[in-house]
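Please consult the sequence and coordinates alongside the text.

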Amino acid sequence: MYHKLTPERFSELRKNGRVNLRRKSVEPPYTIRIDGIGALPRKDIFAIKAKSKQGKSQAATILLAATLGCETLGITRAEASKAKVIYFDTEQADYNTLRIGHRINHLMGWETESTNARLRVYNMREWAWEDKLPFIAQEIESYRPTMVVIDGIADLLINFNDIEQSASIILDLMQIASIFCCSIGCVLHENKSKDDNNMKGHLGTLLLQKASDIFEITKKGDIF
């Protein structure tokens, strides 16, 4: 038998969840356009997936730069306003994160080794896992970015094969994106098997189900 809600909780959920069909349907603004088609809507999450060392971080760099206004590879900014972005790196060494920031600056035509108010870059590799998501949420609340990329979402929880932890992380990120009207990108490895392109663990399964857009990156030589 299902768990029965209290009358008060039932009334609260019905009030918050029932859709008013008289309301005009308005899509949230897109952050970028790919070949003229809107993608990565604000208030939603997206995924970047690939095998190890196949260009996930480079792809994230291009999407962040495009959101800021750099026009490259057919990707353009969807909004005319000056966007702000955050890159959270949970996996790479500090010098690699620094290179990501320099690459974004280069694509934008900014001084490579500079600090621009529209871009924030964080390295969280050595942080305790329980500090990462709360900090990300509070920084998003404070900074109010247009797009966020978490390069290494698996590092936000202890076990990416744990159903409850995985569901909790995905729900938290969807809520954060919705409340603060931003697009949140989640970078996750694919399984190691050459013939298995699924994202790792229960976390990957849930991300596949919930993401608005999914980018799969492959690399051949210097081209990805």
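How many disulfides does the count come to? The count comes to zero disulfides in this predicted model.

**Cysteines**
- The closest cysteine sulfur to that of Cys181 belongs to Cys182 and lies 7.7 Å away, which is too far for a bond, given that a disulfide requires sulfur atoms within 2.5 Å.
- For Cys182, the closest cysteine sulfur is that of Cys181, at 7.7 Å, again too far for a bond.
- Cys181 is partly exposed, with 23% relative accessibility, whereas Cys182 is buried, at 0%.

**Nonpolar cores**
- The largest nonpolar core holds 31 residues, of which Ile140, Ile150, Ile153, Leu173, Ile184 and Leu207 touch the most other members.
- Two or more residues of this core come from each of strand 3 (44–50), strand 5 (85–89), helix 4 (129–143), strand 7 (147–151), helix 5 (163–179), strand 8 (183–189) and helix 6 (201–210).
- Beyond its neighbours within four places in sequence, Leu173 is in contact with Ile45, Leu133, Ile150, Ile153, Ile184 and Cys186.
- Another core, apart from the largest one, has 28 residues, including Ile32, Leu64, Met108 and Val187.
- In soluble globular proteins, nonpolar side chains tend to be buried together.

**Nonpolar surface patch**
- Leu5, Phe10 and Leu13 make a nonpolar surface patch of about 260 Å².
- Leu5 is located in the segment before helix 1 (7–17).
- With a relative accessible area of 38%, Leu5 is partly exposed.

Technical notes. Residues numbered from 1 in each chain as written. Predicted model: local features only at pLDDT ≥ 70, side-chain atom pairs only at ≥ 80, totals over all residues. Heavy atoms only, no water. Buried < 20%, exposed > 50% of the residue type's maximum accessible area, 1.4 Å probe, protein only. Core = buried A, V, L, I, M, F, W, Y, C linked by side-chain atoms within 4.5 Å. Helix = DSSP H or I, 4+ residues; strand = E, 2+ residues; numbered from the N terminus. Contact = heavy atoms within 4.5 Å. Patch = residues over 30% accessible without salt bridge, like charges linked within 9 Å, V, L, I, M, F, W, Y side chains within 5 Å. Areas by Shrake-Rupley, 256 points an atom, 1.4 Å probe, with all protein chains shown as cover. Salt bridge = Lys/Arg side-chain N within 4 Å of Asp/Glu carboxyl O.
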